[in-house]
Amino acid sequence: MELERFKELHTRFFGKELSEEELQSEDYEAYSDAIHGDEACYNWATLEKLKNKGFDYQNYCCLMMADKVYESLDEEGEIRYDDPEVIINKWDEGFYGIPVHNGGATMVVINYCPWCGSELSK
Ligand SMILES: [Zn+2]
């Protein structure tokens, strides 16, 4: 999808209460497909979200990592432990890990970004 077209749809749909009719529309389907399947559209939408939230995304190797770390935090910026939607954690000490959802704070430390392959510096 053209990014300009995507931006239009994003303005129309993002963060809005949508009716069943809108959710079933071809426009919404195209928007949803683009956000999940079109890298340029995904990156743009993610950047908008992180900028709006004031998240310091520039300190991350890639937008995917920034977004997943952002999603792992609660409103106070604390790690949401044992939330099955959280797929990556970043600790204040600077290391990254994949949480094991076993009811505790178990995690597998990783040294490379699973999305862009960058070495994760300490
Ligand atoms: Zn990365």
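Biologist: How do H4 and H5 lie to each other?

Modeller: A pair of packed helices is described by the angle between the axes and the distance between them. In this predicted model, local features need pLDDT of at least 70 and side-chain atom pairs count only at pLDDT 80 or more, whereas totals for chains, interfaces and linings use all residues. Residue numbers start from 1 along each chain as its sequence is written. H4 and H5 (residues 63–71) pack at an angle of about 45°, and their axes are 10 Å apart, so H4 and H5 are oblique to each other. Here the axes are lines fitted to C-alpha atoms, for helices over the stretch in contact, with angles running from 0 to 180 degrees between N-to-C directions. Under 35 degrees counts as roughly parallel, over 145 as roughly antiparallel, 65 to 115 as roughly perpendicular, and the rest as oblique.

Biologist: What is the handedness of the crossing of H4 with H5, and which residues of H4 and H5 meet?

Modeller: H4 passes H5 in a left-handed crossing; a crossing is left-handed if the near helix is turned anticlockwise from the far one by less than a right angle, and right-handed if clockwise. On the H4 side Asn43, Thr46, Leu47 and Leu50 take part, and they meet Leu63, Ala66, Asp67 and Tyr70 in H5, where contact requires C-beta atoms, placed from the backbone, within 7 Å. By class, this contact of H4 with H5 has 5 nonpolar, 2 polar and 1 charged residues, counting Ala, Val, Leu, Ile, Met, Phe, Trp, Tyr, Cys and Pro as nonpolar, Asp, Glu, Lys and Arg as charged, and the others, Gly among them, as polar.

Biologist: Which residues of H5 are buried, and what do the buried residues pack against?

Modeller: The buried residues of H5 are Leu63, Met65, Ala66, Asp67, Lys68 and Val69, and they pack against H4 and strand E1 (89–90). A residue is buried if 20 or more other C-beta atoms lie within 10 Å of its own, exposed if 12 or fewer, and partly exposed in between, with C-beta atoms placed from the backbone. Over the protein as a whole, 14% of the 122 residues count as buried.

Biologist: How do H1 and H4 cross, and what makes the contact?

Modeller: The axes of H1 (residues 3–13) and H4 (residues 39–52) come within 10 Å and cross at roughly 45°, so that H1 and H4, too, are oblique to each other. This crossing of H1 and H4 is right-handed. From H1 the contact takes Leu3, Phe6 and His10, and from H4 it takes Ala40, Cys41, Trp44 and Ala45. These residues are 6 nonpolar, 1 polar and no charged.

Biologist: At what angle do H1 and H3 cross?

Modeller: The axes of H1 and H3 (residues 26–37) cross at roughly 110° and come within 10 Å, and H1 and H3 are therefore roughly perpendicular to each other. The crossing of H1 and H3 is left-handed. In the contact, Phe6, Leu9, His10 and Phe13 of H1 meet Asp27, Tyr28, Ala30, Tyr31 and Ala34 of H3, a set of 7 nonpolar, 1 polar and 1 charged residues.

Biologist: How many helices and strands are there, and how is the protein divided into domains?

Modeller: There are 5 helices and 3 strands, running α-α-α-α-α-β-β-β from the N terminus on; these are DSSP runs numbered from the N terminus, helices (H or I) having at least four residues and strands (E) at least two. The assignment, which is automatic or from a database, gives domain 1 (1–54) and domain 2 (57–122). Their centres, taken over C-alpha atoms, are 25 Å apart. The contact between the domains takes 5 residues from domain 1 and 5 residues from domain 2, and the side of domain 1 that touches domain 2 has 2 nonpolar, 2 polar and 1 charged residues. The C-alpha trace of the protein spans about 45 × 30 × 25 Å along its principal axes.

Biologist: Where is Asp82 found, and what is its phi?

Modeller: Asp82 is in the loop between H5 and E1, and it has a positive phi of about 55° although it is not a glycine. Asp82 counts as partly exposed because it has 14 C-beta neighbours inside 10 Å. Leaving aside residues up to four places away in sequence, Asp82 touches His101 and Gly103. Asp82 and Glu21 are 61 residues apart in sequence and 36 Å apart in space, C-alpha to C-alpha.

Technical notes:
Two residues are in contact if their C-beta atoms, placed from the backbone, lie within 7 Å.
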